[in-house]
Amino acid sequence: MPVLSDVISALDTLWPRERAEQWDAVGPVCGDPEATVSRVLFAVDPVQEIADEAVALGAQLLVTHHPLYLRGTTSVAADTFKGRVVHTLIRHGVALYVAHTNADRAAPGVSDALAGALDLRVTGPLVPDPGDRAGRRGLGRLCELDRPLSLAEFTALAAERLPATAQGVRSAGDPGRTVRTVAVCGGSGDSLFAEVRAAGVDAFLTADLRHHPASEAREHSPLALVDAAHWATEWPWCEQAAAQLDAVSERHGWGLRTHVSHRVTDPWRTHHPSRHTSEGAPN
């Protein structure tokens with residue numbers, strides 16, 4: 001069995017910390033480097049529910065996409081939810097490791113997993129990493145569909161293939177518009193509208209689209225927008241990442257057992273369709 005430092009070295013090779021954004025907080029958060037690791041759990045969010053799942057599973061390592069302490073802290077006191085997570089993990093011998101924007105930029109990365117969930121053919125990064133001469137790494141992905149779909153059909157495909165959330169999947173644009181090419185970005189992607197327009201794709205699938213950026217994007221061009229829940233667009237990476245660690249484990253003969261959490265940690269739980277027009281009269 002490997003020790004934690006061995007596994008962290010492998011994770012750092014898959015998602016080098018130096019490729020994360022400067023503001024990001026990636027890498028190990030807690031854990032004994034000399035502790036033996038036999039079971040690893042992958043999840044999107046380092047929340048209490050996931051920490052409890054790792055403990056119940058008997059995992060010695062929890063790997064999450066989102067950081068626990070993105071803005072730093074001066075305390076891990078257990079009277080805060082983040083402190084309780086740390087105490088829970090340490091008390092039960094579970095280490096925590098984060099791969100965030102370094103996993104976004106990786107090849108394969110978060111957006112590759114999102115494209116794969118919809119069987120889209122990746123043709124390259126949306127925002128290439130200038131340090132990658134092979135032209136594979138970077139933010140987002142440019143993709144092609146195997147056959148053209150209407151926007152309504154493509155939105156339905158995304159809703160069918162991505163994990164179910166209260167939000168579901170919504171789209172902006174003519175439902176009958178033909179979609180052949182798509183840009184995808186796991187997580188919040190409305191800062192990339194200029195790059196998406198420059199790419200000339202038919203649609204952009206991402207999450208967390210805000211009113212003003214989305215409205216302005218629709219006025220700029222006929223680009224169709226497809227907006228899913230943040231958690232749902234990043235969850236496919238957990239399965240991809242687990243498979244990557246499985247391959248490393250097999251090469252080294254570690255015999256690791258990897259697991260992917262299927263707990264929905266998207267914060268939204270209920271969705272009710274609107275029933276009234278802007279004038280207050282029933283539709």
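In this predicted model, D227 counts as buried, with a relative accessibility of 4%. Its salt-bridge partner is R170, and the N-to-O distance between the two side chains is 2.8 Å. R170, by contrast, is partly exposed at 47% relative accessible area, a value that lies in the range between the 20% and 50% limits. The pairing connects distant parts of the chain, since R170 sits in strand β7 (residues 169-172) and D227 in strand β10 (residues 224-228), 57 residues apart.

A second pairing brings together E53 and R263, whose closest N and O atoms are 3.0 Å apart. Here too distant parts of the chain are linked: E53 belongs to helix α2 (residues 48-57), R263 to the segment after β11 (257-260), and 210 residues separate them. E53 is buried at 15% relative accessible area, while R263 is partly exposed at 37%. Shared partners join E49, E53 and R263 into one salt-bridge network. A further salt bridge forms between the side chains of D132 and R137, at 3.9 Å from N to O; both D132 and R137 are buried. The count for the model comes to 13 salt bridges.

Turning to helix packing, the axes of α1 (residues 4-14) and α9 (residues 230-252) come within 11 Å and cross at roughly 125°. Because angles of 65 to 115 degrees count as roughly perpendicular and those over 145 as roughly antiparallel, α1 is oblique to α9. The crossing is right-handed. On the α1 side the contact is made by V7, A10, L11 and L14, and on the α9 side by Q244, L245 and V248. By class, this contact comprises six nonpolar residues, one polar residue and no charged residues.

Key:
Residues are numbered from 1 along each chain as its sequence is written. This is a predicted model: local features need pLDDT of at least 70, side-chain atom pairs count only at pLDDT 80 or more; totals for chains, interfaces and linings use all residues. Side-chain values use heavy atoms; hydrogens and water are left out. Axes are lines fitted to C-alpha atoms, for helices over the stretch in contact, and angles run from 0 to 180 degrees between N-to-C directions. Helices (H or I, at least four residues) and strands (E, at least two) are DSSP runs, numbered from the N terminus. Angles under 35 degrees count as roughly parallel, over 145 as roughly antiparallel, 65 to 115 as roughly perpendicular and the rest as oblique. A crossing is left-handed if the near helix is turned anticlockwise from the far one by less than a right angle, and right-handed if clockwise. Contact means heavy atoms within 4.5 Å. Ala, Val, Leu, Ile, Met, Phe, Trp, Tyr, Cys and Pro count as nonpolar, Asp, Glu, Lys and Arg as charged, and the others, Gly among them, as polar. A salt bridge is a side-chain nitrogen of Lys or Arg within 4 Å of a carboxyl oxygen of Asp or Glu. Buried means under 20% relative accessible area, exposed over 50%, partly exposed in between (1.4 Å probe, protein chains only).
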